[in-house]
Amino acid sequence: MSTLIRNGTVVNAHSTFAADVLIEGERIKEVRQGIPSNPADHVVDATGLLVMPGGIDAHTHLDMPFGGTTSSDDFETGTRAAAFGGTTTIVDFAIQGRGTRMRDALDTWWKKAEGRAVIDYGLHMIVTDLGGAGLEDMDEMVDEGVASFKLFMAYPNVLMVDDATIFRALGQTAKNGALICMHAENGGVIDVIVQRALAEGKTAPIYHALTRPTTAEAEAVHRAIAMSEIAGAPVYIVHLSSEDALNEVREARDRGVPAFAETCPQYLLLSIEELERPDFEGAKYVFTPPLREKKNLGKLWDGLKHDHLQVVSTDHCPFCFEDQKILGKDDFTKIPNGGPGIENRLQLIYHHGVNEGKLSLNRFVELVSAAPARIFGMYPRKGVIAAGSDADLVLWDPSADHVISAKTHHMRVDYSMFEGFRVKGNVRTVMSRGEVIVDRGQFLGKAGRGQYLKRQARGGAWS
Ligand code: URP
Ligand code: ZN
Ligand code: ZN
(Lines give C-alpha, C1' and ligand atoms only; values in the text may rest on other atoms or scores of the structure.)
(Ligands and ions follow the chains in the order given, each with its own letter.)
Protein backbone atom coordinates (compact mmCIF):
# COMPACT_ATOMS: atom_id res chain seq x y z
CA MET A 1 0.00 0.00 0.00
CA SER A 2 1.24 3.48 -0.80
CA THR A 3 0.29 6.89 0.53
CA LEU A 4 1.21 10.29 -0.83
CA ILE A 5 1.19 13.24 1.55
CA ARG A 6 0.93 16.33 -0.63
CA ASN A 7 1.52 20.05 -0.10
CA GLY A 8 2.82 19.88 3.45
CA THR A 9 5.82 21.58 5.04
CA VAL A 10 8.36 18.98 6.08
CA VAL A 11 10.15 19.83 9.33
CA ASN A 12 13.25 17.90 10.29
CA ALA A 13 15.77 18.77 12.96
CA HIS A 14 17.98 20.61 10.48
CA SER A 15 15.67 21.81 7.73
CA THR A 16 12.19 23.01 6.87
CA PHE A 17 10.97 22.73 3.30
CA ALA A 18 7.87 22.35 1.15
CA ALA A 19 7.69 18.76 -0.10
CA ASP A 20 5.48 15.80 -0.80
CA VAL A 21 6.17 12.55 1.03
CA LEU A 22 5.61 9.21 -0.67
CA ILE A 23 5.20 6.22 1.61
CA GLU A 24 5.36 2.67 0.34
CA GLY A 25 4.50 -0.04 2.83
CA GLU A 26 6.12 0.79 6.16
CA ARG A 27 8.82 3.13 4.84
CA ILE A 28 9.22 6.56 3.32
CA LYS A 29 10.12 6.15 -0.34
CA GLU A 30 10.61 9.70 -1.54
CA VAL A 31 10.59 13.26 -0.20
CA ARG A 32 10.48 16.03 -2.81
CA GLN A 33 8.25 18.55 -4.43
CA GLY A 34 5.91 17.49 -7.22
CA ILE A 35 5.61 13.73 -6.66
CA PRO A 36 2.80 12.61 -9.01
CA SER A 37 -0.29 11.31 -7.19
CA ASN A 38 -0.94 8.73 -9.87
CA PRO A 39 0.42 5.47 -8.52
CA ALA A 40 -0.44 6.17 -4.83
CA ASP A 41 -3.31 4.22 -3.24
CA HIS A 42 -4.12 7.13 -0.93
CA VAL A 43 -3.50 10.82 -1.21
CA VAL A 44 -3.54 13.02 1.88
CA ASP A 45 -3.68 16.78 1.48
CA ALA A 46 -1.39 18.40 4.05
CA THR A 47 -1.91 22.00 2.95
CA GLY A 48 -1.29 24.25 5.97
CA LEU A 49 0.11 21.36 8.01
CA LEU A 50 3.61 20.56 9.24
CA VAL A 51 4.91 17.09 8.42
CA MET A 52 7.22 16.06 11.25
CA PRO A 53 8.86 12.82 12.34
CA GLY A 54 6.77 11.08 15.00
CA GLY A 55 7.65 11.98 18.56
CA ILE A 56 10.02 9.72 20.48
CA ASP A 57 9.51 9.57 24.22
CA ALA A 58 12.70 8.05 25.63
CA HIS A 59 11.43 7.82 29.21
CA THR A 60 8.14 6.11 30.12
CA HIS A 61 7.00 3.70 32.82
CA LEU A 62 4.03 1.62 31.66
CA ASP A 63 2.68 -1.16 33.85
CA MET A 64 5.48 -0.52 36.33
CA PRO A 65 5.37 -1.82 39.90
CA PHE A 66 6.24 0.87 42.43
CA GLY A 67 5.60 1.26 46.15
CA GLY A 68 3.08 -1.58 46.39
CA THR A 69 1.07 -0.52 43.37
CA THR A 70 1.48 -0.38 39.58
CA SER A 71 1.51 2.57 37.19
CA SER A 72 -2.02 2.92 35.87
CA ASP A 73 -1.32 2.89 32.12
CA ASP A 74 -0.37 -0.43 30.59
CA PHE A 75 1.28 -0.81 27.18
CA GLU A 76 -2.09 -0.56 25.45
CA THR A 77 -3.59 2.48 27.16
CA GLY A 78 -0.23 4.24 27.46
CA THR A 79 0.89 3.82 23.86
CA ARG A 80 -2.62 4.69 22.62
CA ALA A 81 -2.47 7.94 24.59
CA ALA A 82 1.05 8.53 23.25
CA ALA A 83 -0.27 8.16 19.70
CA PHE A 84 -3.02 10.71 20.33
CA GLY A 85 -0.27 13.14 21.28
CA GLY A 86 1.90 12.48 18.21
CA THR A 87 4.39 10.11 19.81
CA THR A 88 5.14 7.08 17.63
CA THR A 89 7.97 5.48 19.61
CA ILE A 90 8.63 5.06 23.31
CA VAL A 91 11.52 3.62 25.26
CA ASP A 92 10.21 2.11 28.49
CA PHE A 93 12.13 0.57 31.39
CA ALA A 94 12.40 -3.10 32.33
CA ILE A 95 13.51 -3.58 35.94
CA GLN A 96 16.04 -6.21 36.98
CA GLY A 97 14.98 -7.65 40.34
CA ARG A 98 17.82 -7.88 42.89
CA GLY A 99 19.51 -11.25 42.63
CA THR A 100 17.83 -12.10 39.32
CA ARG A 101 19.01 -12.10 35.72
CA MET A 102 18.34 -9.22 33.33
CA ARG A 103 16.97 -11.75 30.84
CA ASP A 104 14.07 -12.45 33.24
CA ALA A 105 13.20 -8.76 33.39
CA LEU A 106 13.41 -8.45 29.61
CA ASP A 107 11.05 -11.43 29.17
CA THR A 108 8.65 -9.94 31.71
CA TRP A 109 8.53 -6.57 29.94
CA TRP A 110 8.20 -8.16 26.50
CA LYS A 111 5.15 -10.00 27.87
CA LYS A 112 3.70 -6.76 29.23
CA ALA A 113 4.01 -5.16 25.78
CA GLU A 114 3.04 -8.15 23.62
CA GLY A 115 -0.43 -7.86 22.13
CA ARG A 116 -0.84 -4.42 23.66
CA ALA A 117 1.60 -1.90 22.23
CA VAL A 118 0.05 0.34 19.61
CA ILE A 119 3.34 2.01 18.59
CA ASP A 120 6.92 0.75 18.41
CA TYR A 121 8.80 0.48 21.66
CA GLY A 122 12.31 -0.07 22.91
CA LEU A 123 13.41 -0.99 26.41
CA HIS A 124 16.10 0.31 28.73
CA MET A 125 17.15 -2.01 31.56
CA ILE A 126 17.14 -0.75 35.14
CA VAL A 127 20.12 -2.38 36.81
CA THR A 128 19.75 -3.11 40.52
CA ASP A 129 22.46 -5.72 40.97
CA LEU A 130 25.72 -6.44 39.19
CA GLY A 131 26.66 -9.45 41.30
CA GLY A 132 27.12 -12.85 39.65
CA ALA A 133 26.82 -12.57 35.90
CA GLY A 134 25.72 -8.91 35.87
CA LEU A 135 28.36 -7.62 33.47
CA GLU A 136 27.81 -10.50 31.05
CA ASP A 137 24.08 -9.84 31.32
CA MET A 138 24.67 -6.27 30.19
CA ASP A 139 26.41 -7.53 27.04
CA GLU A 140 23.57 -9.99 26.43
CA MET A 141 21.06 -7.15 26.73
CA VAL A 142 22.96 -5.10 24.16
CA ASP A 143 22.73 -8.08 21.79
CA GLU A 144 18.96 -8.00 22.36
CA GLY A 145 18.76 -4.32 21.42
CA VAL A 146 18.66 -2.99 24.96
CA ALA A 147 21.29 -0.37 24.25
CA SER A 148 20.89 1.61 27.47
CA PHE A 149 20.77 0.97 31.21
CA LYS A 150 19.33 3.08 33.99
CA LEU A 151 21.00 3.26 37.37
CA PHE A 152 19.60 4.91 40.48
CA MET A 153 21.66 7.05 42.84
CA ALA A 154 18.45 7.51 44.90
CA TYR A 155 15.85 5.27 46.61
CA PRO A 156 18.14 3.44 49.09
CA ASN A 157 17.21 -0.21 49.73
CA VAL A 158 14.90 -0.22 46.72
CA LEU A 159 16.61 0.72 43.48
CA MET A 160 19.75 2.59 44.56
CA VAL A 161 23.13 1.15 43.66
CA ASP A 162 26.48 2.19 45.10
CA ASP A 163 29.26 4.05 43.31
CA ALA A 164 31.25 0.87 42.72
CA THR A 165 28.30 -0.67 40.88
CA ILE A 166 27.80 2.50 38.86
CA PHE A 167 31.47 2.58 37.96
CA ARG A 168 31.51 -1.08 36.93
CA ALA A 169 28.44 -0.54 34.76
CA LEU A 170 30.01 2.51 33.13
CA GLY A 171 33.15 0.47 32.51
CA GLN A 172 31.13 -2.23 30.77
CA THR A 173 29.41 0.31 28.53
CA ALA A 174 32.82 1.74 27.63
CA LYS A 175 33.36 -1.68 26.03
CA ASN A 176 29.92 -2.61 24.68
CA GLY A 177 28.80 0.85 23.52
CA ALA A 178 25.57 1.04 25.53
CA LEU A 179 24.56 4.22 27.34
CA ILE A 180 24.15 4.64 31.09
CA CYS A 181 21.10 6.71 32.04
CA MET A 182 21.41 8.11 35.54
CA HIS A 183 18.76 8.99 38.09
CA ALA A 184 20.98 11.53 39.79
CA GLU A 185 20.03 12.45 43.35
CA ASN A 186 22.07 11.75 46.46
CA GLY A 187 19.79 9.09 47.97
CA GLY A 188 21.71 8.68 51.24
CA VAL A 189 21.57 12.36 52.14
CA ILE A 190 17.94 12.66 51.07
CA ASP A 191 17.00 9.67 53.21
CA VAL A 192 18.45 11.31 56.33
CA ILE A 193 16.54 14.55 55.62
CA VAL A 194 13.35 12.55 55.00
CA GLN A 195 13.66 10.63 58.28
CA ARG A 196 14.18 13.92 60.16
CA ALA A 197 11.08 15.42 58.54
CA LEU A 198 8.94 12.40 59.45
CA ALA A 199 10.24 12.47 63.03
CA GLU A 200 9.07 16.10 63.20
CA GLY A 201 5.60 15.06 62.03
CA LYS A 202 6.02 16.60 58.59
CA THR A 203 3.96 14.19 56.52
CA ALA A 204 2.21 16.32 53.85
CA PRO A 205 3.06 16.08 50.10
CA ILE A 206 5.06 19.33 50.13
CA TYR A 207 7.73 17.63 52.26
CA HIS A 208 8.49 15.35 49.33
CA ALA A 209 9.91 18.42 47.59
CA LEU A 210 11.38 20.09 50.67
CA THR A 211 13.42 17.00 51.57
CA ARG A 212 15.08 16.72 48.15
CA PRO A 213 17.25 19.83 47.68
CA THR A 214 18.61 20.84 44.28
CA THR A 215 22.13 20.48 45.67
CA ALA A 216 21.45 16.77 46.23
CA GLU A 217 20.63 16.56 42.53
CA ALA A 218 23.62 18.66 41.45
CA GLU A 219 26.02 16.66 43.62
CA ALA A 220 24.85 13.40 42.08
CA VAL A 221 25.03 14.79 38.54
CA HIS A 222 28.60 15.93 39.24
CA ARG A 223 29.53 12.51 40.65
CA ALA A 224 27.88 10.64 37.79
CA ILE A 225 29.72 12.70 35.21
CA ALA A 226 33.03 12.35 37.09
CA MET A 227 32.65 8.56 37.20
CA SER A 228 31.77 8.47 33.50
CA GLU A 229 34.88 10.48 32.71
CA ILE A 230 37.07 8.07 34.68
CA ALA A 231 35.40 5.12 32.96
CA GLY A 232 35.70 6.69 29.50
CA ALA A 233 32.00 6.34 28.69
CA PRO A 234 29.25 8.85 27.98
CA VAL A 235 26.45 9.38 30.47
CA TYR A 236 22.85 10.57 30.10
CA ILE A 237 21.17 12.29 33.04
CA VAL A 238 17.45 11.56 33.15
CA HIS A 239 14.70 13.94 34.28
CA LEU A 240 17.00 16.84 35.13
CA SER A 241 14.98 19.34 37.14
CA SER A 242 17.06 22.25 38.40
CA GLU A 243 19.47 25.01 37.45
CA ASP A 244 22.06 23.64 39.91
CA ALA A 245 22.05 20.28 38.14
CA LEU A 246 22.03 21.90 34.71
CA ASN A 247 25.16 23.89 35.60
CA GLU A 248 27.00 20.63 36.21
CA VAL A 249 26.03 19.26 32.80
CA ARG A 250 26.87 22.52 31.04
CA GLU A 251 30.26 22.77 32.73
CA ALA A 252 31.12 19.21 31.67
CA ARG A 253 29.91 19.69 28.10
CA ASP A 254 31.92 22.91 27.83
CA ARG A 255 34.99 20.81 28.63
CA GLY A 256 34.05 18.41 25.82
CA VAL A 257 32.84 15.63 28.10
CA PRO A 258 30.13 13.45 26.48
CA ALA A 259 27.48 14.20 29.09
CA PHE A 260 23.86 14.38 27.94
CA ALA A 261 20.65 15.23 29.73
CA GLU A 262 16.92 15.33 29.33
CA THR A 263 14.26 17.34 31.09
CA CYS A 264 10.48 16.93 31.08
CA PRO A 265 7.47 19.24 30.55
CA GLN A 266 6.63 19.24 34.27
CA TYR A 267 10.01 20.78 35.16
CA LEU A 268 9.63 23.39 32.41
CA LEU A 269 6.08 24.44 33.24
CA LEU A 270 5.23 23.65 36.87
CA SER A 271 6.81 24.64 40.18
CA ILE A 272 6.95 23.57 43.82
CA GLU A 273 3.76 25.45 44.82
CA GLU A 274 1.73 22.66 43.18
CA LEU A 275 2.63 20.37 46.07
CA GLU A 276 0.88 22.75 48.49
CA ARG A 277 -2.54 22.24 46.95
CA PRO A 278 -5.19 21.60 49.63
CA ASP A 279 -7.05 18.33 50.24
CA PHE A 280 -3.98 16.24 49.56
CA GLU A 281 -4.08 17.28 45.88
CA GLY A 282 -0.40 18.15 46.13
CA ALA A 283 0.13 14.38 45.86
CA LYS A 284 -0.73 14.63 42.17
CA TYR A 285 2.63 16.38 41.76
CA VAL A 286 4.75 13.99 43.77
CA PHE A 287 7.47 12.60 41.54
CA THR A 288 11.22 12.47 41.71
CA PRO A 289 13.16 14.71 41.37
CA PRO A 290 10.48 17.07 42.69
CA LEU A 291 9.14 20.27 41.23
CA ARG A 292 11.47 23.18 41.95
CA GLU A 293 11.20 26.90 42.62
CA LYS A 294 9.99 28.99 39.68
CA LYS A 295 13.40 30.55 39.04
CA ASN A 296 14.60 27.22 37.59
CA LEU A 297 12.08 27.08 34.76
CA GLY A 298 13.58 29.74 32.50
CA LYS A 299 17.05 28.27 33.02
CA LEU A 300 15.85 24.87 31.78
CA TRP A 301 14.26 26.44 28.68
CA ASP A 302 17.57 28.24 28.02
CA GLY A 303 19.34 24.92 28.46
CA LEU A 304 17.13 23.36 25.78
CA LYS A 305 17.73 26.23 23.40
CA HIS A 306 21.52 26.19 23.79
CA ASP A 307 21.96 22.40 23.73
CA HIS A 308 23.02 22.10 27.36
CA LEU A 309 19.98 19.79 27.46
CA GLN A 310 19.42 17.49 24.49
CA VAL A 311 16.04 15.80 24.95
CA VAL A 312 12.54 16.38 26.29
CA SER A 313 10.94 13.16 27.52
CA THR A 314 7.96 12.75 29.86
CA ASP A 315 8.95 10.29 32.62
CA HIS A 316 5.29 9.25 32.23
CA CYS A 317 4.55 7.23 35.37
CA PRO A 318 0.85 7.67 36.17
CA PHE A 319 -0.88 6.79 39.42
CA CYS A 320 -4.55 7.57 39.98
CA PHE A 321 -5.28 10.14 42.67
CA GLU A 322 -8.32 8.40 44.13
CA ASP A 323 -6.92 4.95 44.81
CA GLN A 324 -3.14 5.14 44.38
CA LYS A 325 -1.75 8.53 45.41
CA ILE A 326 -3.99 8.20 48.46
CA LEU A 327 -1.68 5.45 49.81
CA GLY A 328 0.46 8.30 51.16
CA LYS A 329 -2.31 10.25 52.86
CA ASP A 330 -0.56 10.15 56.23
CA ASP A 331 3.04 9.88 55.05
CA PHE A 332 4.44 11.55 51.93
CA THR A 333 7.05 8.79 51.52
CA LYS A 334 4.22 6.35 50.74
CA ILE A 335 2.83 8.42 47.85
CA PRO A 336 3.65 6.50 44.65
CA ASN A 337 6.19 8.65 42.81
CA GLY A 338 5.28 9.65 39.30
CA GLY A 339 3.01 11.72 37.11
CA PRO A 340 1.22 11.39 33.76
CA GLY A 341 2.30 13.20 30.59
CA ILE A 342 2.85 10.83 27.65
CA GLU A 343 0.00 12.43 25.67
CA ASN A 344 0.85 16.10 26.13
CA ARG A 345 4.58 16.43 25.47
CA LEU A 346 4.41 17.69 21.88
CA GLN A 347 1.48 20.03 22.56
CA LEU A 348 3.20 21.61 25.57
CA ILE A 349 6.67 21.96 24.12
CA TYR A 350 5.36 23.23 20.79
CA HIS A 351 3.09 25.81 22.42
CA HIS A 352 5.38 27.02 25.20
CA GLY A 353 8.56 26.52 23.20
CA VAL A 354 7.85 27.35 19.56
CA ASN A 355 4.81 29.64 19.89
CA GLU A 356 6.38 31.56 22.75
CA GLY A 357 9.64 32.01 20.84
CA LYS A 358 11.84 29.96 23.16
CA LEU A 359 12.63 27.27 20.56
CA SER A 360 12.82 27.18 16.79
CA LEU A 361 10.64 24.67 15.00
CA ASN A 362 13.72 22.65 14.08
CA ARG A 363 15.01 22.63 17.64
CA PHE A 364 11.58 21.39 18.72
CA VAL A 365 11.84 18.42 16.33
CA GLU A 366 15.40 17.79 17.50
CA LEU A 367 14.35 17.69 21.17
CA VAL A 368 11.23 15.55 20.86
CA SER A 369 12.29 13.19 18.07
CA ALA A 370 15.67 13.38 16.31
CA ALA A 371 17.93 13.60 19.37
CA PRO A 372 16.32 10.73 21.29
CA ALA A 373 16.43 8.65 18.09
CA ARG A 374 20.14 9.34 17.69
CA ILE A 375 21.21 9.09 21.32
CA PHE A 376 19.30 5.85 21.85
CA GLY A 377 20.37 4.07 18.66
CA MET A 378 17.27 4.36 16.46
CA TYR A 379 18.43 6.94 13.91
CA PRO A 380 17.80 7.24 10.94
CA ARG A 381 15.17 4.53 11.09
CA LYS A 382 13.27 6.86 13.43
CA GLY A 383 13.48 10.60 14.06
CA VAL A 384 13.63 11.97 10.52
CA ILE A 385 11.47 12.38 7.44
CA ALA A 386 13.77 10.92 4.78
CA ALA A 387 13.75 8.23 2.12
CA GLY A 388 14.36 4.84 3.75
CA SER A 389 13.17 5.85 7.23
CA ASP A 390 10.13 4.30 8.88
CA ALA A 391 6.98 6.16 7.91
CA ASP A 392 6.37 7.37 11.46
CA LEU A 393 5.07 10.85 11.04
CA VAL A 394 2.79 13.47 12.40
CA LEU A 395 0.69 15.89 10.41
CA TRP A 396 0.64 18.83 12.78
CA ASP A 397 -1.90 21.62 12.62
CA PRO A 398 -0.17 24.73 13.96
CA SER A 399 -3.47 26.60 14.25
CA ALA A 400 -5.43 23.98 16.20
CA ASP A 401 -6.52 25.08 19.68
CA HIS A 402 -6.72 22.55 22.47
CA VAL A 403 -7.41 22.63 26.20
CA ILE A 404 -5.67 19.88 28.14
CA SER A 405 -7.98 18.09 30.57
CA ALA A 406 -8.43 14.75 32.31
CA LYS A 407 -12.00 14.84 30.98
CA THR A 408 -10.78 14.43 27.41
CA HIS A 409 -7.32 12.88 27.61
CA HIS A 410 -6.68 9.24 26.76
CA MET A 411 -4.27 8.34 29.55
CA ARG A 412 -5.75 5.94 32.12
CA VAL A 413 -5.43 8.30 35.04
CA ASP A 414 -7.98 10.43 36.85
CA TYR A 415 -6.21 13.79 36.71
CA SER A 416 -3.98 15.89 34.49
CA MET A 417 -0.90 17.70 35.75
CA PHE A 418 -1.67 20.31 33.10
CA GLU A 419 -5.44 20.63 33.65
CA GLY A 420 -6.78 23.69 31.86
CA PHE A 421 -3.58 24.49 29.96
CA ARG A 422 -4.50 26.05 26.60
CA VAL A 423 -2.26 25.17 23.69
CA LYS A 424 -2.19 26.16 20.05
CA GLY A 425 -0.83 23.50 17.74
CA ASN A 426 -1.96 19.89 17.82
CA VAL A 427 -1.93 16.59 16.02
CA ARG A 428 -4.17 16.15 12.96
CA THR A 429 -2.98 12.72 11.76
CA VAL A 430 -0.44 10.24 13.09
CA MET A 431 1.15 7.47 11.04
CA SER A 432 3.18 4.61 12.40
CA ARG A 433 5.12 2.54 9.87
CA GLY A 434 2.84 3.73 7.10
CA GLU A 435 -0.44 3.09 8.91
CA VAL A 436 -2.75 5.89 10.01
CA ILE A 437 -3.30 5.28 13.72
CA VAL A 438 -4.88 8.60 14.69
CA ASP A 439 -6.86 10.93 12.46
CA ARG A 440 -8.83 14.01 13.59
CA GLY A 441 -9.24 12.69 17.11
CA GLN A 442 -10.21 9.15 16.02
CA PHE A 443 -8.08 6.18 17.01
CA LEU A 444 -7.54 3.88 14.02
CA GLY A 445 -4.69 1.73 15.33
CA LYS A 446 -4.76 -1.70 16.90
CA ALA A 447 -3.40 -3.09 20.12
CA GLY A 448 -0.42 -5.32 19.43
CA ARG A 449 0.63 -3.68 16.15
CA GLY A 450 3.56 -1.96 17.88
CA GLN A 451 6.89 -3.76 17.45
CA TYR A 452 9.85 -4.17 19.77
CA LEU A 453 12.77 -2.09 18.52
CA LYS A 454 16.22 -3.57 18.67
CA ARG A 455 18.32 -0.49 19.26
CA GLN A 456 21.95 -0.08 18.20
CA ALA A 457 24.73 0.43 20.72
CA ARG A 458 27.11 3.35 20.07
CA GLY A 459 24.27 5.70 19.23
CA GLY A 460 24.63 9.47 19.00
CA ALA A 461 26.08 9.84 22.49
CA TRP A 462 29.17 8.06 21.21
CA SER A 463 29.86 9.99 18.04
O1 URP B 1 8.92 9.88 40.29
C2 URP B 1 9.31 9.30 39.29
N3 URP B 1 10.13 9.92 38.48
N4 URP B 1 8.90 8.05 39.03
C5 URP B 1 9.37 7.21 38.02
C6 URP B 1 10.65 6.54 38.40
C7 URP B 1 11.84 7.39 38.06
O8 URP B 1 12.64 7.66 38.94
O9 URP B 1 12.02 7.75 36.91
ZN1 ZN C 1 14.36 8.26 37.79
ZN1 ZN D 1 11.39 7.64 35.23
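Me: How are the donor residues of the zinc ion (ligand 3) spaced in sequence?
Reply: The spacing is H-x1-H-x253-D. This is a predicted model, where local features need pLDDT of at least 70, side-chain atom pairs count only at pLDDT 80 or more, and totals for chains, interfaces and linings use all residues. Residues are numbered from 1 along each chain as written, chains are lettered from A and ligands numbered from 1 in written order, and side-chain values use heavy atoms, without hydrogens and water.

Me: Which atoms are the protein donors of the zinc ion (ligand 3)?
Reply: His59 (NE2), His61 (NE2) and Asp315 (OD), at 1.9 to 2.1 Å from the ion. Donors are N, O and S atoms within 2.8 Å of the metal (3.2 Å for Na, K and Ca); water is not among the atoms, so sites may look incomplete.

Me: What separates the zinc ion (ligand 3) from the zinc ion (ligand 2)?
Reply: 4.0 Å.

Me: Are His59 and Asp315 buried or exposed?
Reply: Both are buried, meaning under 20% relative accessible area, with exposed over 50% and partly exposed in between (1.4 Å probe, protein chains only).

Me: Now ligand 1. What does His183 do there?
Reply: A polar side-chain atom of His183 is 3.0 Å from an oxygen atom of ligand 1. For Thr288, a polar backbone atom lies 2.8 Å from an oxygen atom of ligand 1.

Me: And which ligand 1 atom does Asn337 approach?
Reply: A nitrogen atom, 3.1 Å from a backbone N or O atom of Asn337. The protein buries 99% of the 270 Å² that ligand 1 exposes when taken alone; accessible areas come from the Shrake-Rupley method with a 1.4 Å probe.

Notes: Polar contact = N/O pair within 3.5 Å; in protein donor to acceptor, adjacent residues only side chain to side chain.
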